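Thanks for coming. I have one model to go through today, and I will keep it short. Please have a look at it first.

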Amino acid sequence: MQRKSIYLILCVAGAVLPYWQFVPWVLENGLNMSLLLNQLFANRISAFFATDVIVSAVVVFAFVAFERSRLGNKWWLPLVAVLTVGVSLGLPLALYLREPNTESRA
């Protein structure tokens with residue numbers, strides 16, 4: 001299986017799996033941002049995961065900035081993906097968009 005195909009599969013998983021957890025929470029609580037933040041940082045282990053994801057999101061933004069020319073004119077898609085879904089979609093999408101240019105140079 002080619003890397004491009006793997007990245008595409010990871011994009012789908014990265015979009016579906018987080019929303020599989022988030023949508024039921026929103027249906028139960030609405031878009032209550034204060035409750036979301038309280039639960040996100042409810043204890044040290046959840047805060048660990050939250051800060052890990054936040055730092056990873058910043059890394060994706062830096063990666064896109066450095067790789068913008070190799071990502072082509074769709075460089076902004078991974079940034080939107082990070083902001084609307086998360087790193088689980090943004091990173092594999094950036095790698096997917098970068099892949100065709102990598103293949104053509106190889």
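I will take the overall layout, then the core, the pocket and the aromatic residues.

First, the ground rules. This is a predicted model, so local features need pLDDT of at least 70 and side-chain atom pairs count only at pLDDT 80 or more, while totals for chains, interfaces and linings use all residues. Residues are numbered from 1 along each chain as its sequence is written, and side-chain values use heavy atoms, with hydrogens and water left out.

The layout. The protein has 5 helices and 0 strands, where helices (H or I, at least four residues) and strands (E, at least two) are DSSP runs numbered from the N terminus. Along the principal axes, the C-alpha atoms fill a box of roughly 50 × 25 × 25 Å. Of the 106 residues, 25% are buried; buried is under 20% relative accessible area, exposed is over 50%, and partly exposed is in between, with a 1.4 Å probe and protein chains only. A contact is heavy atoms within 4.5 Å. Among contacts between residues at least 6 apart in sequence, 55% join residues at least 24 apart.

Q2 is exposed, at 54% relative accessible area. From Q2 to A62 is 60 residues in sequence and 26 Å in space, C-alpha to C-alpha.

Now the core. By nonpolar core I mean a set of buried Ala, Val, Leu, Ile, Met, Phe, Trp, Tyr and Cys residues joined through side-chain atoms within 4.5 Å. The largest one has 13 residues, and V60, V64 and L93 touch the most other members. At least two residues each come from α3 (44-71), α4 (77-84) and α5 (87-105). The most come from α5, with 5 residues. What does V60 contact, leaving aside its neighbours within four places in sequence? The partners are V82, V87, G90 and L91.

Next, the pocket. Rolling a probe the size of a water molecule over the atoms shows where empty space is left. On a 1 Å grid over the protein atoms alone, with a 1.4 Å probe, a pocket is an open set of points with protein on both sides within 12 Å along at least five of seven lines, and lining residues have an atom within 4 Å of a point. The largest pocket has a volume of about 870 Å³. Its lining has 24 residues, with F22, L36, L40, V53 and V85 nearest the centre. Two or more lining residues come from each of α1 (3-29), α2 (33-40), α3, α4 and α5. The largest share, 6 residues, is from α3. By type, the lining has 18 nonpolar residues, 6 polar and no charged.

Last, the aromatics. Rings of Phe, Tyr and Trp (its six-membered ring) pair if their centres lie within 6.5 Å; planes under 30 degrees apart are stacked, over 60 edge-to-face, and the rest tilted. That rule gives 3 aromatic pairs. F22 and W25 are stacked, because their ring centres are 6.3 Å apart and their planes at 15°. These two are 3 residues apart in helix α1, so about one helical turn separates them. F22 is partly exposed at 30% relative accessible area, whereas W25 is buried at 17%. F48 and F49 are edge-to-face, because their centres are 5.0 Å apart and their planes at 75°. F48 is partly exposed, at 48%. Y19, F22 and W25 form one aromatic cluster.

Note on methods: Grid points are joined across faces, edges and corners, and a volume is the space filled by probe spheres set on the points. Ala, Val, Leu, Ile, Met, Phe, Trp, Tyr, Cys and Pro count as nonpolar, Asp, Glu, Lys and Arg as charged, and the others, Gly among them, as polar.
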